[in-house]
Amino acid sequence: MCGRYAASRQPEDLAGVFEIEKWEPEETLEPDYNVAPTKEVHVVLDRPLKDVPDPRPVRQLRKLRWGLVPSWSKTPEGAARMINARAETVHEKPSFRRAFATRRCIIPADGYYEWVTGQQERDLEVEGRKKRPRKQPYFVLPADGSVFAMAGLYEFWRDRTLPDDHPQAWWATCSVVTTDAETSPLAEAPAEGPRTLHDIHPRMPLMLTRDRWDAWLDPSRTDVEDVRSLLAPPPPGLMRAYPVSTAVSNVRNNGPELLKELEGPEEGTLF
């Protein structure tokens with residue numbers, strides 16, 4: 001899954017990486033080292049511009065809310081539960097299938113956080129312990145330091161309780177597509193602890209390699225089976241992971257210190 005990630009790159013940097021044609025300065029977000037569900041995030045998408053005669057899709061950097069609200073939803077209350085869409089079923093789930101066909105995006109990140117769910121913890125839970133042991137968080141990122149391009153979907157939802165000209169009449173929301181975590185060795189693994197992403201957690205965000213960006217963003221590609229072919233996992237050995245402070249577990253904590261690599265798991269945590 002993807003429940004928290006870091007995004008520190010600014011629009012100027014992302015514009016060069018993703019060949020952005022349009023972005024609005026007022027939509028610039030501050031660097032966020034602890035992005036949590038329902039926060040506003042930057043996404044890359046191809047979409048025609050409003051009120052212009054040229055109908056071609058334009059690559060844009062937009063500010064959306066993380067937590068997808070389907071266009072047919074009566075309320076936005078379920079957004080916090082719609083932060084992830086499983087690659088295996090995204091084409092058939094009512095909440096995601098329309099967006100999967102024509103409203104795909106890329107969610108840029110430095111990397112994502114995941115809390116290890118090792119066998120020891122599962123054994124403790126089976127034993128019925130009331131107090132859950134502290135989990136050790138890891139930061140997962142491309143080994144070469146490049147932008148982590150997470151496959152995403154986006155939707156527009158109309159709040160019918162507000163007039164058309166109200167600034168919050170329309171919600172623009174998004175979700176991260178996830179897939180099975182890699183079982184191949186990490187490009188760089190911690191000295192002690194997990195050797196693969198699957199050792200940390202069975203799911204991971206689907207990373208799109210650069211050669212798939214244009215195809216994934218192209219709204220004219222609407223054939224479901226064609227788009228599903230883009231959901232194949234990236235080549236193995238592109239990722240690294242390292243332990244970080246448990247401070248990231250508190251959403252109120254935010255700053256570059258959360259990305260500091262620890263020599264090993266914190267005392268009292270699992271794995």
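The side chains of Arg59 and Asp214 form a salt bridge, with 3.0 Å from N to O; the term denotes a side-chain nitrogen of Lys or Arg within 4 Å of a carboxyl oxygen of Asp or Glu. Arg59 belongs to strand β5 and Asp214 to helix α5 (residues 213-217), so this contact ties together parts that are 155 residues apart in sequence. The structure is a predicted model, in which local features need pLDDT of at least 70, side-chain atom pairs count only at pLDDT 80 or more, and totals for chains, interfaces and linings use all residues. Residues are numbered from 1 along each chain as its sequence is written, and side-chain values use heavy atoms, with hydrogens and water left out. Helices (H or I, at least four residues) and strands (E, at least two) are DSSP runs, numbered from the N terminus.

**Salt bridges**

- In general, side chains of opposite charge can pair when their charged atoms come close.
- The whole structure contains 16 salt bridges.
- Arg59 also meets the side chain of Asp46 in a salt bridge, at 2.9 Å from N to O. This pair joins distant parts of the chain, since Arg59 is in strand β5 and Asp46 in strand β4, 13 residues apart.
- Arg59 counts as buried, at 9% relative accessibility, and Asp46 is buried with a relative accessible area of 10%. Here buried means under 20% relative accessible area, exposed over 50%, and partly exposed in between (1.4 Å probe, protein chains only).
- Asp226 and Arg221 form a further salt bridge through their side chains, at 2.7 Å from N to O. Asp226 is partly exposed, with a relative accessible area of 27%, and Arg221 is partly exposed as well, at 25%.
- Glu21, Asp54 and Arg56 are connected in a network of salt bridges.

**Nonpolar cores**

- In soluble globular proteins, nonpolar side chains tend to be buried together.
- A nonpolar core is a set of buried Ala, Val, Leu, Ile, Met, Phe, Trp, Tyr and Cys residues joined through side-chain atoms within 4.5 Å.
- The largest such core has 30 residues, of which Tyr5, Trp66 and Leu197 touch the most other members.
- Elements that give two or more residues to this core include β4 (40-47), β5 (58-66), β7 (104-109), β11 (170-180) and α4 (197-200).
- Strand β10 supplies the largest share of this core, 4 residues.
- A second, separate core holds 28 residues, among them Phe18, Leu208, Leu217 and Leu230.

**Strand pairing around β11**

- Two strands pair if DSSP finds at least two bridges between them.
- Strands β5 and β11 pair in the parallel sense over 2 bridges; Arg65 has Thr173 of β11 as its bridge partner.
- Strand β6 (residues 84-86) pairs with β11 in the parallel sense over 3 bridges, and Ala85 stands opposite Val177 in β11.
- Strands β10 and β11 pair in the antiparallel sense over 7 bridges, with Glu155 opposite Thr173 in β11.
- Strand β12 (residues 203-205) runs antiparallel to β11 and is joined to it by 3 bridges. In this pairing, Thr178 stands opposite Pro205 in β12.

**Residues with positive phi**

- Most residues other than glycine have a negative phi, and most peptide bonds are trans.
- Glu19, which is not glycine, has a positive phi near 55°. Glu19 lies in the loop between α1 (11-18) and β2 (22-23) and is exposed, with a relative accessible area of 58%.
- Thr38 has a positive phi of about 80°, although it is not a glycine. Thr38 sits in the loop between β3 (32-35) and β4, where it is partly exposed, with a relative accessible area of 39%.

**Cysteines**

- A disulfide is a covalent bond between the sulfur atoms of two cysteines. The search criterion is a pair of cysteine sulfur atoms within 2.5 Å.
- The whole structure contains 0 disulfides.
- The cysteine sulfur closest to that of Cys2 is in Cys174, at 10 Å, which is too far for a bond. Cys2 is buried, with a relative accessible area of 0%.
- For Cys105, the closest cysteine sulfur is also in Cys174, at 5.5 Å, too far for a bond. Cys105 counts as buried, at 0% relative accessibility.
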